[in-house]
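Colleague: I've got the model open and a few things I'd like to ask you about. Can you walk me through it?

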Amino acid sequence: MDPAGKAQRKSKGGLAIVKRRFVAGVTVPLLLYESLGIFVLGWAFVLIFFDYSSGRLGGPILGLGGSNPFIGLGNFVEMITGTSVEANLFRVSLRNTLIFAVAILPLNLAITLPLAWLLESIGIRFKSLYRTIYFLPVLTSSVGVALIWMSMYDPQAGWINAIIRFFGGTPVSWLSDPRAGFAGVSVAMWAVILAYLWQDYGYNMVIFIAAFQGIPQELKDAALIDGASPWHVFLKITIPLIRPTMLFVCVMTMLSSFQVFDIIQVMTNGDPGNQTQVLMLDIYKNAFRYQNLGWAAAESFVLFLIVMGVTIFQMRVLRTDWEY
Amino acid sequence: MAANSLPVTAARTRKPVHWGKLFSRFLLYFALTLGLSFTLLPFLMMILSSFKTNVEVLRVPPTFWPETFTLENYVKIFNDPKLPLLRFYGNSAFVAVFNVVSTLFTSSLIGYMFAKFEFPGKKILFGWFLTMMMIPGQITMIPSYLILAKLHLINSLWGLVIFSAVDAFGIFMLRQFCETLPNELLDAARIDGASEWQIYLRIVLPQLGAPLATLGILGFMQTWNAYLWPMIVLQKIEVRTLPIILTWFNSTHTGQGALVMAATVMIIMPILFVFLFFQRWIVQGFTMTGFK
């Protein structure tokens with residue numbers, strides 16, 4: 001009895017050691033790897049206070065100082081008050097990014113919410129077929145999406161102008177006419193907005209479909225029996241009950257549209273006349289074409305602050321505490 | 001639905017309502033078909049154009065169905081010595097597979113550790129991962145590039161994948177799944193003399209099949225379609241992944257619309273077939289995780 005008890009006690013202490021060894025075996029490499037992450041973040045933060053270019057040699061530590069001087073908040077002061085080409089372009093990009101994001105969200109909801117709701121009332125087999133098809137563009141490489149839409153926007157042989165000609169309208173140079181506009185926004189911007197919507201809306205569709213399925217049927221039936229019209233059920237029961245989903249969808253759609261890059265870079269690269277130049281594109285060009293990395297880092301910091309601010313704002317406005 | 005079970009007389013008295021219903025039914029399918037065409041027509045245009053000649057795609061007004069149906073574009077793409085397609089598929093596959101395998105391994109291991117082990121500093125470390133989840137890639141893009149340049153890893157596929165071996169989101173998701181594993185199961189294995197690593201490999205991992213599949217497929221899709229970061233890191237043509245090759249191909253073949261569309265088909269179709277095959281997990285995964 002006694003030796004067995006001893007062995008058990010021993011193995012218990014041994015177990016703690018074994019567990020600790022396992023935790024150490026995982027966390028030590030992890031911490032080393034994460035210290036790289038912290039270093040990267042720290043570097044990103046330091047860069048915003050410098051006039052840094054990878055083309056210049058600079059000081060001994062990370063090339064900071066010397067010919068890459070410390071300028072404090074100089075980058076941000078320049079962004080707000082500066083008259084240089086970069087500062088102007090930054091403000092144009094910021095404005096375009098806001099236009100893009102503010103246009104995308106309501107357009108996306110105006111398509112996805114009614115369509116997902118309509119899908120509620122058809123059979124399950126059809127529903128999953130529709131869902132599959134709506135999801136295809138989400139999975140398509142954005143370069144592919146951009147090329148497909150470029151061929152449709154082609155001023156001569158594109159389908160969109162062919163349809164316009166068929167109805168007797170005048171064809172438009174969708175991606176290159178700097179003067180044409182609609183509702184105060186250039187047609188090139190509308191063109192990339194439409195392409196982006198096409199790629200993106202299936203994602204929200206799938207999420208809304210799942211949310212609608214999660215609403216208990218009894219709630220809707222009860223309201224219908226009490227004499228409510230389907231429209232009222234939608235407004236007074238369905239919409240309030242999917243508020244958490246709405247919050248999620250709004251935040252995600254806003255976040256990704258503020259960071260739009262791929263489609264615009266391929267379709268217009270900011271043209272015509274910087275009318276589709278968005279912040280990510282400006283950051284990319286400054287950092288990797290003009291080697292103006294301190295400025296680009298400061299720009300990404302601004303974008304980060306905007307994204308954080310929008311997220312927090314939407315969480316405040318759309319937050320709900322109750323469940324069903 | 002309910003109307004079917006009503007007696008005939010009731011159906012007759014309801015006739016005016018019936019027409020309204022029929023009309024709303026018509027509107028319903030009309031709206032759905034409209035949405036469907038909006039989604040599918042661009043794909044159809046792409047596929048049809050890829051079978052046209054480069055002269056025909058320039059015609060005004062455009063032809064819908066290819067007048068002269070030709071495979072010439074596909075033949076050209078496969079035989080172009082400047083476009084070793086297999087190599088680019090290989091590059092993309094390497095990056096995607098490496099990324100998936102490494103993040104599945106680290107996410108499951110670290111998630112398991114956070115769920116089932118107590119150690120000092122656990123809360124701080126987990127809080128750090130949550131913070132990392134919120135920080136978008138554009139913030140770290142510039143210093144990451146500078147580090148790769150210092151390490152001479154520009155133009156290296158290893159350089160591309162090095163920063164994505166640990167995925168904060170995957171850790172977060174798998175921690176939640178690991179918390180549901182019964183402790184008795186793990187303790188029973190310990191009593192039977194299994195080492196902690198054996199428990200992870202033989203007992204924990206097999207239980208995580210469904211979330212790992214979801215996470216893996218989503219990660220694969222995301223890496224396969226990634227554009228900005230690969231474009232920054234991979235500057236030489238022969239190391240590029242498919243999306244960057246596609247833009248390069250487009251810019252070097254202006255005026256050959258049909259050829260470019262054929263290349264687009266070649267590059268986006270494989271992933272769509274993967275989707276049709278793994279559909280259930282992917283849709284489930286997207287809605288479950290909100291991963292994009």
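**Talking through the model**

Modeller: Let's start with helix 9 of chain B, residues 183-191: of its nine residues, zero are buried, so the helix lies largely in the open. Keep in mind that this is a predicted model.

Colleague: Which residue follows helix 9 of chain B, with a positive phi?

Modeller: Phi there is near 95°. The residue that comes after helix 9 of chain B with that value is B:G193.

Colleague: How confident is the predictor in the complex, in terms of ipTM and pTM?

Modeller: Chain by chain, the mean pLDDT is 85 for chain A and 84 for chain B. At least 70 is reached by 94% of the residues in chain A and by 91% in chain B. For the complex, the predictor gives a pTM of 0.86 and an ipTM of 0.84.

Colleague: Which stretch of chain A has pLDDT under 50?

Modeller: Among the helices of chain A, helix 1 (residues 2-47) has the lowest confidence, with a mean of 77, and helix 11 has the highest, at 94. The stretch under 50 has zero contacts beyond four places in sequence. Where pLDDT is low, the predicted coordinates should not be read in detail. In chain A, that stretch is residues 1-10.

Colleague: What is the end-to-end distance of helix 4 of chain A, and which of its residues are buried?

Modeller: Helix 4 of chain A has 16 residues, 124-139, which at 1.5 Å a residue should span 22 Å. Its end C-alpha atoms are 23 Å apart, and that agrees. The buried residues are A:Y130, A:Y134, A:F135, A:P137, A:V138 and A:L139.

Colleague: Where is the cis peptide bond?

Modeller: Most peptide bonds are trans. Here omega is near -10°, and A:P272 sits in the loop between helix 11 (262-267) and helix 12 (279-288) of chain A. The cis bond runs from A:D271 to A:P272.

Colleague: A:N269 has a positive phi too; is this residue buried or exposed?

Modeller: A:N269 isn't a glycine, yet its phi is about 55°. It is found in the loop between helix 11 and helix 12 of chain A. Because A:N269 has 12 other C-beta atoms within 10 Å, it counts as exposed.

Colleague: And what is phi for A:Q291?

Modeller: A:Q291 lies in the loop between helix 12 and helix 13 (293-318) of chain A. With 14 other C-beta atoms within 10 Å, A:Q291 is partly exposed. Its phi is positive, near 60°.

Note on methods: Residues are numbered from 1 along each chain as its sequence is written. Chains are lettered from A and ligands numbered from 1 in the order in which they are written. This is a predicted model: local features need pLDDT of at least 70, side-chain atom pairs count only at pLDDT 80 or more; totals for chains, interfaces and linings use all residues. Helices (H or I, at least four residues) and strands (E, at least two) are DSSP runs, numbered from the N terminus. A residue is buried if 20 or more other C-beta atoms lie within 10 Å of its own, exposed if 12 or fewer, and partly exposed in between; C-beta atoms are placed from the backbone. The expected span of a helix is 1.5 Å times one less than its number of residues. pLDDT is the predictor's confidence in each residue, from 0 to 100. Two residues are in contact if their C-beta atoms, placed from the backbone, lie within 7 Å.
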